[in-house]
Amino acid sequence: MLEHLFTDIVSPQTGSTTPITKEDLQAVTNDKSDTSNRTITFNVIRRPKLGRLVTVLADNFTVDVSSFTQTMVDQREILYIQSLVASVGWSAMDSMTFSVSSPPASLENETFEMDISYENAGRDRKTLLLANTGAVVTEGDRIVIDKSKLDASNLMSKLPTPQRSSHEIWFQVKSLPQHGVIVVGERNLTVEKPNFSQYILNKYGITYRHDDSETLHDRFVFDTWLNPKGKPAQRPSDDSQVLEEWFNITVIPVNDQPPVLKTKAPSLSVVQGDTVALGPENLNVEDLDNPSEDIQYIVISKPNNGYLALGGSLNESVVAFTQAQINSGEVYFVHDGSRASGVFYFSVSDGHHKPVYKLFNLEVTEITISLINNTGLALEQGQTSVVLTQESLVAETNGKNTTVHYRITAAPRYGKILRLDDQEVSQFEQEDLRTGSLFYHMVTLTSGQDSFEFTAFTSEANLTNQVVNITVKPLVRFGEGVRIPNGIVVKLNTGFLNATELASLSVSDPFFEVVSHPKYGKLVRGKPKAGKKTEPLESFSFQDVKQERLSFELNANMTGVQELNDSLVFILKAENVPPARGEFRFTVVPYDPSLVLTTNSPILTTSSPFSQPLNQTTVFGVGTALPSLSTSLLSTQRPSKTHQKFKGRNRWGITNRNDSAGTDTTLGKPTLSKGDGNEIPFVNTPVRVESYPQKTFNLILVILPLLAMLLLVIILVVLVLLLRRNRKRKQKPVTPKPPPSPSPSTPPAYNGQSQRSAAVPTVTVTPMSPSSPALDRLLPSANQGLVSNFTSLPLCSWNGVDPESSAQLIRTTPPTLQQNQYWV
């Protein structure tokens with residue numbers, strides 16, 4: 001049985017030749033026998049009208065056919081050639097009728113259709129135009145593009161025949177060529193004027209002129225459309241009426257450029273006895289007309305300290321190579337091991353121009369060993385051993401043998417270099433440093449520094465007279481970020497230096513020897529005294545620091561300077577530990593009393609290192625650090641004694657204790673408002689910041705004590721007179737008068753002076769301690785609010801008064817005070 005499996009439609013382009021394949025046309029039988037070879041024959045009953053059905057013979061000769069087999073179809077020997085007839089137009093349909101036979105089976109009257117259109121561009125044809133072949137031009141030359149290379153006249157077939165005479169074909173260049181120009185007539189096409197017509201192409205053609213650059217390709221992109229004659233050439237807004245294509249231009253290069261040596265000084269650095277590859281950075285020649293494979297080097301005179309070779313055969317010397325081999329790293333220089341540098345002379349050419357001659361330098365570097373890390377060892381006080389690792393000592397070499405050995409030429413003076421098994425060593429390897437199998441052990445604890453000398457060597461080189469320094473670090477904690485104000489005396493405390501750990505470890509009082517005082521001041525003992533010059537300390541103990549016996553006196557010129565860096569250098573010693581050199585660093589800042597906290601708020605400082613870490617920045621006023629461990633406060637200014645004496649007193653001369661004087665030195669835990677944005681948290685640990693006045697003499701500080709003494713003498717004289725008066729009154733009986741009954745309707749007159757009550761005896765006022773229990777008995781409960789803030793209260797003298805009358809008077813209910821009246 002014969003089956004017609006495929007009758008696909010062939011879609012040739014107008015005027016093209018298209019093979020009919022088995023994907024287009026195939027017939028098979030249901031006979032599965034392998035012994036019989038069935039022949040399937042196609043007989044053409046009606047031929048195509050718009051083309052011919054042909055077969056290909058030898059020498060590409062074609063003949064028309066009226067019958068063919070399935071084998072011929074499978075081998076692509078049957079072709080359909082579309083004829084160029086005017087009736088075809090832009091697209092058309094063609095067909096043929098055939099029968100199929102394979103005795104004894106057959107098929108009758110099958111139709112095979114062909115879709116003919118310019119839009120059916122195949123893989124071998126990239127254009128929809130009648131012609132768009134591109135052009136080939138020689139570098140720097142020009143070529144005419146005519147109808148044979150670019151023809152869009154087939155667009156006319158889109159129109160009915162009567163309308164074709166009233167239209168013409170136009171081109172618009174959308175993207176100009178990058179390496180040349182298009183000349184139409186006597187003008188160059190530009191972005192502003194990019195149009196030309198098919199008529200110009202047919203009659204004159206257009207010219208492409210290359211710019212002589214070293215390029216191989218160029219192109220321009222264009223649109224083409226049908227435009228009515230007599231109207232301006234304007235691209236249609238409907239894209240379906242426009243075809244976009246590009247015209248390719250192939251440039252044939254001309255070898256007009258000689259090779260150019262880009263390497264200014266061809267050279268190569270090589271270590272003794274090494275083999276190094278040459279690269280473009282050592283030798284590079286460029287030729288715009290030729291690839292790197294065509295750039296040929298010839299060695300005219302060979303190097304005198306080695307030879308050139310190619311990769312894969314380094315034992316053989318070569319005298320010729322290319323730039324491509326250099327670029328790929330295939331050319332090597334093999335050094336003979338001598339210390340002398342060398343050269344070789346070469347020429348380079350592209351085969352068309354005269355060779356370029358040049359000298360190539362071969363610089364030889366001696367094999368060396370260098371230390372890339374020798375930071376030394378740091379031994380903390382209280383320790384006697386430290387591991388020697390690569391973090392402390394590393395050497396490297398530029399030679400082939402990279403194994404570095406170390407030989408100790410001068411052993412440590414106060415210790416030994418040991419292995420983990422306590423065996424003393426005089427030579428070790430880099431591997432020992434990498435694995436950390438060596439350590440330094442201090443035997444004598446009399447020095448804070450030690451060292452040993454060594455030589456590093458390989459089989460090719462050595463490095464002598466190298467030293468590893470061993471330093472003892474002080475076991476002390478420093479305050480970090482400490483800022484000390486200038487011009488005032490600041491106590492040194494454990495917030496600055498804390499050797500508590502060393503004291504506990506050595507069971508002794510650590511001792512500080514001053515090596516150098518601060519650059520802008522000095523460290524002194526005790527408080528400065530007016531008129532006396534303090535001497536800088538040479539040494540002090542940790543107990544001095546703990547008990548705050550020492551002070552910093554800083555006096556730097558800070559005009560136009562916000563801060564200065566300074567330090568105190570010392571040597572710290574203790575029992576059974578080696579001494580250690582240390583440096584306490586701090587910052588000197590200008591003293592500004594307005595930025596220091598008032599006495600109503602505690603100064604926040606770094607407290608004891610046992611409760612807070614020392615690395616916290618301590619605070620002095622605003623932005624100034626001043627560590628302290630004592631329990632006192634710092635005033636914002638130096639108030640005069642007159643100001644302190646009368647500050648906070650009421651009209652009776654009683655001092656208000658809630659108004660703290662500038663000389664107060666104690667303070668209970670303050671109650672701060674939680675809503676205050678500037679709230680300062682209260683630290684439970686008591687703190688103190690002390691500052692002592694400088695030697696500047698103040699006359700007020702002398703006058704105020706004298707005035708206070710004079711006032712005390714006057715008070716004593718008044719007391720003596722009062723005592724004498726009381727003695728005279730004792731001789732006369734005291735008969736108290738009954739108090740007049742007050743009139744509720746007529747209040748006593750008040751003229752701005754205090755009034756005496758007849759119910760109260762005359763008393764003499766003497767000071768009484770605020771803590772006296774008599775306060776609770778003498779102050780009426782109704783008037784507690786008036787005197788609750790008093791810090792002192794006058795004490796009455798009851799001399800000359802009958803005790804019984806006094807008791808009666810005290811029990812008598814006092815009269816009600818009128819407005820603006822008060823007790824005296």
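Trainee: Which residues do ring pairs link into a cluster?
Mentor: First, a caution: this is a predicted model, where local features need pLDDT of at least 70 and side-chain atom pairs count only at pLDDT 80 or more, while totals for chains, interfaces and linings use all residues. Residues are numbered from 1 along each chain as its sequence is written, and side-chain values use heavy atoms, with hydrogens and water left out. Rings of Phe, Tyr and Trp (its six-membered ring) pair if their centres lie within 6.5 Å; planes under 30 degrees apart are stacked, over 60 edge-to-face, and the rest tilted. Linked that way are Phe478, Phe496, Phe512, Phe540, Phe552, Phe570, Phe584 and Phe586.

Trainee: How many aromatic pairs does a search of the whole structure find?
Mentor: The search covers the whole structure, and its count of aromatic pairs is reported as one total. That total is 23.

Trainee: Is phenylalanine 570 buried or exposed?
Mentor: Buried means under 20% relative accessible area, exposed over 50%, and partly exposed in between (1.4 Å probe, protein chains only). Phenylalanine 478 has 25% and counts as partly exposed. Phenylalanine 570 has 0%, so the word is buried.

Trainee: Which residues have the most contacts inside the largest nonpolar core?
Mentor: A nonpolar core is a set of buried Ala, Val, Leu, Ile, Met, Phe, Trp, Tyr and Cys residues joined through side-chain atoms within 4.5 Å. The largest has 33 residues, and β50 gives the largest share, five residues. Those with the most contacts inside this core are Leu492, Leu497 and Phe540.

Trainee: Which residues form the nonpolar patch on the surface?
Mentor: Patches use residues with over 30% relative accessible area and no salt bridge, joining like charges within 9 Å and nonpolar side chains (Val, Leu, Ile, Met, Phe, Trp, Tyr) within 5 Å. Strands β26 (296–301), β30 (342–349) and β31 (356–365) each supply at least two of its residues. One of the members, valine 343, is partly exposed at 33%. The patch is formed by Ile298, Ile300, Val343, Tyr345, Tyr357 and Leu359.

Trainee: Which residue forms a salt bridge with aspartate 544?
Mentor: A salt bridge is a side-chain nitrogen of Lys or Arg within 4 Å of a carboxyl oxygen of Asp or Glu. Aspartate 544 lies in helix α6 and its partner in strand β47 (residues 521–525), so the pair ties together parts 19 residues apart in sequence. Aspartate 544 is buried at 5%. With the closest N and O atoms 3.2 Å apart, the partner is arginine 525.

Trainee: Which residues are linked in a network of salt bridges?
Mentor: Start with aspartate 223 and arginine 235, whose side chains meet at 2.9 Å, N to O. Aspartate 223 is buried at 2%, whereas arginine 235 is partly exposed at 30%. The linked residues are Lys174, Asp223, Arg235, Asp239 and Glu244.

Technical notes
Helix = DSSP H or I, 4+ residues; strand = E, 2+ residues; numbered from the N terminus. Areas by Shrake-Rupley, 256 points an atom, 1.4 Å probe, with all protein chains shown as cover.
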